[in-house]
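Trainee: Could you take me through one part of this protein closely? I would like to look at the salt bridges.

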Amino acid sequence: MFSGMAEGFALLSWDILGWAALGVLLASSISVMPGLGGAFVLAILIPFAFALEPIEAVAILTAAIVVTSTANTITGVLFGIPGSASGVATIFDGYPMAQRGEGGRAVSAGLVASLAGGILGAVALGAVLPIARPMVLAFGPPEFFALVLVAVIVIAQIQDGETSRSLVAGGLGFMAAYVGVEGATAQFRFTFGSGYLSEGFPLIAVVIGLFAITEMIDLGRRRTAIAADASTDSMGLGWSGTVQGAKDVLVYWKTTVSSSLIGVIVGIIPGMGSGAAQFLAYGRAATVSPNRAQFGKGAVEGVISSDAATNSKEGGSLVPTLVFGVPGSANMAILLAAFIGIGITPGPEMVTTQLPLTWMIIWLIVISNIMATLLSLGAAIPLARLTMVKGERLIPAIILICLWGGFTASFNAGDLFVVVGFGFLGYALKRYGYSRSTFVIGFVLGPLLERNYILSQRLFGWSFLLRPWTMAILSIPVLVIGAKLYADQRNRRRDAELVGPTS
């Protein structure tokens with residue numbers, strides 16, 4: 001293994017690093033724009049990569065794909081707008097921090113956590129290669145079904161608003177996800193005869209509407225800046241805010257490491273994706289944190305957990321992609337096709353005859369994450385100042401960017417209606433105390449839940465609920481809800497004791 005590491009590092013000539021730097025620059029510049037995520041970056045780079053030597057093409061494509069989620073932190077924190085679906089969970093706490101004048105700290109914490117997650121993801125990729133196959137095959141459809149169901153239930157317990165309203169919002173997200181063709185029977189559902197709806201609502205358009213357009217509507221109603229009560233001194237825009245954010249990652253190192261490991265594990269499981277990684281890591285962090293009540297209101301741990309998992313997931317996704325030729329996510333499917341197009345066929349050869357190339361990719365993950373973090377930190381401070389600009393100066397430009405980002409979902413005029421429609425739906429959810437976060441979680445995880453439920457039923461019948469790992473996973477929400485009820489009862493008893501003597 002060590003010889004492969006050395007040979008892979010030896011492949012990193014200055015030319016290769018130059019192509020990697022170009023990939024990082026392009027990916028970071030594009031992914032900071034709402035809706036233009038990893039798939040868009042690869043779509044632009046693939047024709048260009050085909051004109052390069054294979055190893056140069058691997059460098060630029062790998063560097064670009066592993067950092068597409070890094071710059072999400074900037075727009076997610078400062079404007080409440082996810083650059084892509086993988087940046088949604090960062091908004092839950094990052095945007096409230098920006099609103100109260102801690103934008104610089106939140107951005108720094110998210111970027112440094114992304115760097116830590118990316119490096120840990122690369123380390124995990126290297127360590128997992130010899131034992132990758134058993135790990136990929138460990139879970140079946142019943143376990144996937146239980147994991148997704150538990151994620152929604154647990155996160156509903158910790159999101160903003162009442163638990164019942166969070167569960168309702170999650171149910172609405174599930175319903176929205178089921179618009180389109182039903183996978184098992186190929187029947188159209190809830191399309192009302194519309195050809196556009198036959199493929200369901202585009203995820204990017206939905207996310208941009210729910211968060212970006214909603215926040216612009218709310219910002220226009222308030223007629224203030226994003227950081228309404230913040231002054232230049234309190235924004236943490238200088239190096240003090242940057243240093244504090246980096247310190248937060250060290251203070252909450254357990255959250256950083258555990259979230260990164262969750263991202264790696266989720267990435268290894270084909271089809272789960274960064275949406276599941278960020279939500280599962282966020283839910284786990286909120287469940288075990290002593291600052292649980294602050295999650296969703298501006299807890300820096302929330303930013304750290306989601307960003308660490310999002311970047312570490314890329315390392316995990318490369319395990320099935322490189323070793324078995326099974327893409328771990330949609331972005332990895334595009335990367336797999338690109339590799340095949342340039343004459344590199346992922347498979348068992350990547351851990352045998354082409355092991356140096358695999359280790360070069362691992363080294364590139366580390367180096368690319370460092371470059372992307374430094375680049376994003378440099379851009380974060382001037383961008384953070386925009387949070388103090390009056391809303392009427394920002395709203396028109398941001399809405400135009402959001403509409404364009406939503407339109408790129410499928411380049412269909414219907415995307416614009418989805419963006420606007422879900423923008424007003426998001427505003428209604430926000431105004432009446434229903435969690436938009438849980439809605440998106442339901443929307444993202446809904447297809448996974450349905451697909452694995454159908455497969456579980458067909459393979460095992462109802463007995464799939466009695467499988468050991470399935471039962472263990474399904475017991476988690478029981479423990480979480482029980483702990484919550486116990487804590488509520490204890491708090492009520494304590495309050496009664498305090499009030500009693502004075503009455």
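**Salt bridges around R105**

Mentor: Start with R105, which forms a salt bridge with E102; their closest N and O atoms are 3.2 Å apart. A salt bridge here is a side-chain nitrogen of Lys or Arg within 4 Å of a carboxyl oxygen of Asp or Glu. Side chains of opposite charge can pair when their charged atoms come close. E102 is partly exposed, at 21% relative accessible area. The cut-offs: buried is under 20%, exposed is over 50%, and partly exposed is in between (1.4 Å probe, protein chains only).

R105 also meets D248 in a salt bridge, 2.6 Å from N to O. R105 sits in helix α7 (residues 103-128) and D248 in helix α12 (residues 239-251), so this pair ties together parts 143 residues apart in sequence. Helices are DSSP runs of H or I, at least four residues long, numbered from the N terminus. D248 is buried, with a relative accessible area of 3%.

Now R467. Its salt bridge partner is E143, with the closest N and O atoms 3.1 Å apart. R467 lies in the loop between α20 (436-460) and α21 (468-499), and E143 in helix α9 (residues 141-158), so the pair links parts 324 residues apart in sequence. R467 is partly exposed at 27%. E143 is buried at 3%. Back at R105, shared partners join E102, R105 and D248 into one network. The structure holds four salt bridges.

This is a predicted model: local features need pLDDT of at least 70, side-chain atom pairs count only at pLDDT 80 or more, and totals for chains, interfaces and linings use all residues. Residues are numbered from 1 along each chain as its sequence is written, and side-chain values use heavy atoms, leaving out hydrogens and water. The mean pLDDT (the predictor's confidence in each residue, from 0 to 100) is 76 for the protein.

How values were computed: Helices (H or I, at least four residues) and strands (E, at least two) are DSSP runs, numbered from the N terminus.
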